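Could you walk me through this structure in my viewer? I would like to know what to select at each stop and what is there.

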Amino acid sequence: MLRPVEMSRVVVAGSKNVMESVVEKLHELNLMHIVNYTGGADYFEQGKTMGKGKEFSENLIKLRSIERYLDIKPKAPDVRFAESQIVSQMDDLLGRLANDVTSTYERITAIEAEVKSKQDQINALRPLAAIDLPIELYSGYETLAVFVGTVESAVDADVAKVAPKSEVFTGSVKNTNVVAVFVPVEKASEVQAVLAEHGFAEISVPKLTGAPDVAIATLEAEIKRLESEKEPLQKKLKDLKKQYEDIILAADEYLSIQTQKTDAPLRFATSENAFVIDGYVPSADYDKLKSALESTTGGRIHVEKLSESEMEELVEKKGEDIPTKIENPGIVKPYELITRLFAIPEYKEFDPTLLIFVFFPIMFGMILGDVGYGIMIILVLMMLKKKFRTEGWTQLINIVMIASVWSIIFGLIFGEIFGPMGLWGKIFGQLPHEEILALEESGRFFGEGVFGPLGRIGPMGMFPLYRLATNAVLMLIGVSIFIGVLHCGIGSILGVKTELNYGEKKHAYFERLPVLIFQVAFALLLLGLVLGFMPLVYLMGLLVVVAIVMMVMGPEGVMGATHLPFYVSNLISYLRLLAIGLASVGVAFAANKLAFGVIMPMLSGGEHLTMVAYIVGVIVLLVVHFINLLLGILSPFMHPLRLHYVEMFTKFYSQHGGGVEYSPFGHVRRYLKV
């Protein structure tokens with residue numbers, strides 16, 4: 001599971017007489033990752049589209065126009081169709097329905113453009129309503145220049161100075177000065193300069209007639225009429241979408257499949273009479289592929305698997321990437337989403353999905369660590385799962401759901417149900433106050449809760465672990481660093497093996513290995529100092545020196561040792577598992593303290609809670625816990641993601657540029673029956 005699926009390079013060659021049946025079978029098998037022919041071979045050229053390829057492509061474009069007009073997007077299938085049903089209705093979809101949808105959509109677009117134009121005219125006319133002039137008087141002169149717009153201050157006097165024979169009309173709308181200046185054409189430039197000094201902003205007067213108020217009323221009535229015409233058209237498109245959405249998606253899939261098949265020869269090398277297909281197949285499926293192709297063509301085809309050395313030689317010669325097929329068990333599969341978000345591993349690299357499956361939920365649970373929050377998240381996700389059924393959403397929901405289970409587990413360890421001082425003490429009980437004081441005095445206080453009749457369990461009765469207690473914080477610091485050493489250590493080990501897979505021994509032994517030695521030794525050195533165990537400190541100090549010497553001997557020379565602060569910061573970064581969790585606990589603690597310890601007693605004014613105090617306290621409690629829950633989903637998700645991508649993956653992953661995902665020639669049917 002940590003390695004991508006083993007691949008074999010396969011060449012398929014045959015006569016053009018059997019090309020169509022070979023394409024059909026390859027598409028059905030969905031096994032071969034085809035390497036596109038790019039030329040360079042004598043007597044061969046790139047193949048051409050076969051059969052009805054052009055027709056299928058044009059129909060697909062037409063259908064996708066309908067999808068765009070109806071706002072149809074891929075979704076989880078509600079119903080599946082037989083290919084024959086799609087074929088029989090294709091003419092109707094691309095004819096009658098396409099014309100109906102297109103004409104309706106175009107009319108809606110035209111109405112919207114017309115409404116916008118009229119709205120712009122209204123916006124231009126509103127300021128002119130302050131000037132009592134018919135609209136037609138603002139234009140149509142040969143000897144007069146007209147300036148209409150807004151100004152910051154009065155312009156009459158300054159205009160009169162440069163153009164004595166002028167006429168200025170003014171008005172005011174919402175503290176904005178509106179002017180209409182009529183001047184002889186020969187004075188236009190001088191007046192324009194004067195207006196500019198007063199902050200003149202021109203208004204484009206619509207080509208209308210009559211008083212502005214009347215024109216505005218007419219335009220508003222026209223807009224209303226257009227909107228009333230648009231509404232049933234929009235409803236019509238919604239109804240058409242509802243009626244035809246499933247079959248349109250199925251038709252899209254059918255045409256996509258046909259286009260894939262007819263365009264397939266564009267990826268082949270072909271001569272006048274023959275064709276050659278080059279590609280990769282999972283090694284375990286080679287015999288199945290060969291047998292199926294030979295059976296389909298009656299043995300009139302040659303299928304050959306290249307040796308590993310020949311495959312390597314081709315890859316190095318052409319600079320190609322062997323496709324990576326990552327394959328994980330069902331419960332691990334959702335975490336491939338996190339792997340893909342970063343990069344697909346190269347063929348010779350390790351697939352980190354299993355490691356993410358192990359570490360990510362634990363980190364999430366350790367940060368959130370609350371039974372109540374965990375249950376709430378699971379309930380919300382169960383509702384979302386019914387609404388969002390695409391593959392991506394399903395994977396994301398499953399990732400968070402598994403992580404929430406770990407949040408419940410850590411909630412039991414930490415003794416938290418909606419935070420400390422929440423419901424835990426009321427359900428399971430708490431220690432007597434005298435016992436708490438005694439534990440605090442003896443330095444063995446890890447929390448005040450119990451596990452019901454079991455009391456407190458574990459060494460020194462440290463569980464349930466109250467995360468805000470000093471002893472618990474110290475212990476969680478150690479646990480966080482330990483997870484960091486383990487997490488980074490696994491990354492470094494995989495880094496060493498990856499470099500060896502690429503034949504880079506120097507990088508493996510003097511770049512990756514010293515990081516592993518340094519981080520483990522550094523952590524144990526700190527542990528020795530904390531425990532005061534000096535032999536361990538001296539031994540680990542020696543190993544730290546050895547690691548530094550190895551780094552200096554590595555590919556980067558002395559510069560290799562300059563990365564030491566980065567390796568130390570890698571380990572310190574894992575303290576966020578403690579720190580982010582404490583922030584969440586702090587908010588939950590504050591919510592409970594505020595509601596039960598401050599608001600309710602304050603509003604009650606006595607020993608017995610009043611109804612008002614109870615309602616206000618519960619509202620405050622719910623609001624603060626809701627905000628904390630939202631943050632409790634985001635932070636525990638993002639920070640473990642960061643620890644994987646930055647602290648761990650940098651030790652081994654994508655060191656050689658990332659891989660190409662295995663994409664076999666074929667189609668996984670979603671809307672068509674198999």
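This is a predicted model: local features need pLDDT of at least 70, side-chain atom pairs count only at pLDDT 80 or more; totals for chains, interfaces and linings use all residues.

Residues are numbered from 1 along each chain as its sequence is written, and side-chain values use heavy atoms, leaving out hydrogens and water.

Now switch to a cartoon view. The chain has 20 helices and ten strands (DSSP runs numbered from the N terminus: helices are H or I with at least four residues, strands E with at least two). Its C-alpha atoms fill a box of roughly 105 × 95 × 55 Å along the principal axes.

Next, colour by burial, with buried meaning under 20% relative accessible area for a 1.4 Å probe and protein chains only. Buried residues make up 44% of the 674 in the chain.

Last stop: select Asn 30, Arg 340, Glu 391, Pro 664 and Val 668, which lie nearest the centre of the largest pocket among its 18 lining residues. A pocket is an open set of points on a 1 Å grid over the protein atoms alone, where a 1.4 Å probe fits, with protein on both sides within 12 Å along at least five of seven lines; lining residues have an atom within 4 Å of a point.

Terms used
Buried means under 20% relative accessible area, exposed over 50%, partly exposed in between (1.4 Å probe, protein chains only).
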